[in-house]
Amino acid sequence: MRRHRAVLFIFAALVISVGPWPTTRMVAAEARKKNAAPPAKTFDPAIAARFAQVQEWRGFTELSETRNFDRTFAGRQHVSRQEEHLAHGTFALARDPEWKWNPARGSFRWKGTTQVQGRHAITFGDHTLAGSFAGAFERWQQDMGGTHAWRDSHFEIFLPDRHFSLHPGSPGELPVRRIGAKRYNNGEWREEAIDETHRNFLKPFRLETEDRDRHWAQVANGPGVITFTTAKTVPDRVRTLYGDLIIRSRVTLYPVYDDVEVEVTLPGYAEWQPKGNVEAPKKPGNALAARAVLKSKTGRTKQLPEVELFRFELLDTSREPGVCLNWPLNAKDEDYDLRLANFSAEISGEQMKAAQKFFTQWGLTSSGDYDLASMPPGGLPPMSFGTVTEDGQKAELHAPPKDKAGQPYAEAAIESYDFGAKAELRVVCVLKDGREIIGLMKAPSGEQDLVRLPRRAGPDWVAAQWREDNDATKLAANDDDEKVEGQKHNGDGFTLYEEYRGWVVNGKHVTGDPKRKDFFVLNQRGADFRGGLALFQRLSRLRVHSALRDGAEISEDQRRMNANRRDAPHRVAQHGVILASGNGPRGGLTIGVDEAKAGQAFRPRLVAKIFLEPSTAGRGDIAFSIGKGVGDYKLSQRDAEQAWDRGVAHELFHSV
């Protein structure tokens, strides 16, 4: 009886807390509410009318997915993985005739094809560091440099629901060739070549759900130059053996109009490579001039529409500390590596000097319709450069001047502050009728493209000119695989990008060699060590940099040779070694850091200092003594010098 009363009490409590039990009439009313048409959503019909005028969109897509992992477990197992997926392409989307195109309802769709090209490279190694060797190493690359079509790409907008989608379409399978090698241990090293053809495809871009929500405001404002970006890091959840995946994606869409276009020109663009200023790191090392001109597609220049403004923007600008990997030493700045110079109409005397220097020092003898000979005394032609804001990343010029042909134009000066700088120059001409026209650069082949600074293949970090000069056009920016005959392990600890960005050695900027291992030495005893360094370089076949300035280009306590880094492709913290000035024990001695274990092969990171005894007489038992009857060796001067050089090279070999 008590149990029944308890159940009734609980049931009564539920009825009180929830409310009256729903009747059949209440359930029916609720169902009618769910089936009723949703309340009408409002949108601006003027915006819809502007979208209805766009018959075609063009665009560019870029995608970078990188993964870098390098870790030693328990001092014995070393696992490394470097992966790079790059893709870039173009859109061509026309009004979809099969879609219910309805401006009155704010419903639009454009469909077409995406053309993509790119590459995918991966290096994976897993091996022990001491004792019997076990593990594997694999490296391969897929170079998909040909055209790869994605069919049925589409851009869809439904204004009432605040919804848009950009879909790459359906990938066509592309036969690609995978080239590389794999090595594994079965008692001894064996190597097999990878040379196989299979079917694969490139991803054009990433556009996540949260990105669509974030970018809706651009679409809601009506047709114009629209940019969708994704930047995210996907944590590694597979036993922390693969490293985090860093994704950067950008899509640029712009409406195409029949009457006008904006052409961008940059004198010397194809060969230009960015530079930093070694003597004054806070000042630019070199520069480029960009000019944008509104042109008529029909040849009717007199009927060109009125221009509201020209806008220059630097997007995705690198912000690597310092001007290169080791200069200034241990730099911490986050300044933009490329900036627009502020040469607007109202500038100070100091800025005027900088403007004149821009044209003279960088060899830019003309710009627009004027040259240095016709430049007004002490000034520049008014209103050719816009006002610069946002730390040199944006410039706008209202009411721009016209050239001799009556075409509105504007100019920008892009200055470089880093040897590895990169950015994208975005130029937009805003007409008074509300249209936005993107500025494009015409390639020698006649194709139009974005302005990537410096000239690069899509989202790459390395200048195309440097790749061509160094026969490195097919290497990934995070590649570290230099091969030396007779040496088991490839690479020198510096990625291709780091070798491109380079170092300061003895006050001058130098770059690395993609085909040779670069090795850095702080020589604290000058000429005494030069013969031994030359012998070591000849025998090891390493590219030895031994003219570093102590305390300025290498830090004796840290020895990091790629410490100035932020976002750029990087594999490991690579170190230089020190040939110390003090006297060591009999012969020589290589001293390891605390974490160096007995019996473990040294690497540059594990070598604290290298000491050698004096090269001249001073004690009777010196290994490199000179003179008859001195010590046990009785060496001639030439023999003693050669023995000294061999001793230097011997100790250096302990460090690698």
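This is a short walk through the structure above, from the whole chain down to single residues. Keep in mind that the model is predicted.

Let us start with the overall picture. The protein chain holds nine helices and 30 strands. Of its 656 residues, 49% are buried. If you take the contacts in the chain with a separation of 6 or more, 69% of them come from residues 24 or more positions apart.

Next, look inside. The largest nonpolar core has 34 residues, and the members that touch the most other members are L266, L294, F310, F312, L425 and L453. Strand β20, which spans residues 423-431, gives the most to this core, with five residues. There is also another core, lying apart from this one, with 24 residues that include A52, F155, L159 and F164.

Leaving aside residues up to four places away in sequence, L294 touches V260, E261, V262, L304, P305, V307, F310, Q407, P408, C429 and L431. One of these partners, F310, is itself among the core members that touch the most others.

Now turn to a pair of helices. Helix α8 covers residues 530-540 and helix α9 covers residues 637-654; they pack with their axes 7 Å apart, at an angle of about 55°.

Two residues in strands are worth a stop. R139 is found in strand β4, which runs over residues 135-158. Is this arginine buried or exposed? Its relative accessible area is 16%, and the cut-off for buried is under 20%, so R139 counts as buried. Beyond residues up to four places away in sequence, R139 touches I122, T123, I179, G180, A181, I194, L475, D479 and D481. R139 and R81 are 58 residues apart in sequence, and their C-alpha atoms are 9.6 Å apart in space.

The other residue is T66, in strand β1 (residues 56-73). T66 has a relative accessible area of 15% and is therefore buried as well. Its contacts, again not counting residues up to four places away in sequence, are E83, E84, D244, L245 and I246.

Finally, follow the backbone into some loops. A cis peptide bond joins W327 and P328, with omega about -15°. P328 sits in the loop between β13 (307-315) and β14 (338-340). Another cis peptide bond joins L453 and P454, with omega about -10°. P454 belongs to the loop between β23 (451-453) and α6 (464-469), while L453 is one of the residues named above in the largest nonpolar core.

The loop between β13 and β14 also holds D316. Although D316 is not a glycine, its phi is positive, about 55°. D316 is partly exposed, with a relative accessible area of 42%. E390, also a residue other than glycine, has a positive phi near 55°, and you will find E390 in the loop between β17 (387-389) and β18 (394-398).

Note on methods:
Residues are numbered from 1 along each chain as its sequence is written. This is a predicted model: local features need pLDDT of at least 70, side-chain atom pairs count only at pLDDT 80 or more; totals for chains, interfaces and linings use all residues. Side-chain values use heavy atoms; hydrogens and water are left out. A nonpolar core is a set of buried Ala, Val, Leu, Ile, Met, Phe, Trp, Tyr and Cys residues joined through side-chain atoms within 4.5 Å. Buried means under 20% relative accessible area, exposed over 50%, partly exposed in between (1.4 Å probe, protein chains only). Helices (H or I, at least four residues) and strands (E, at least two) are DSSP runs, numbered from the N terminus. Contact means heavy atoms within 4.5 Å. Axes are lines fitted to C-alpha atoms, for helices over the stretch in contact, and angles run from 0 to 180 degrees between N-to-C directions.
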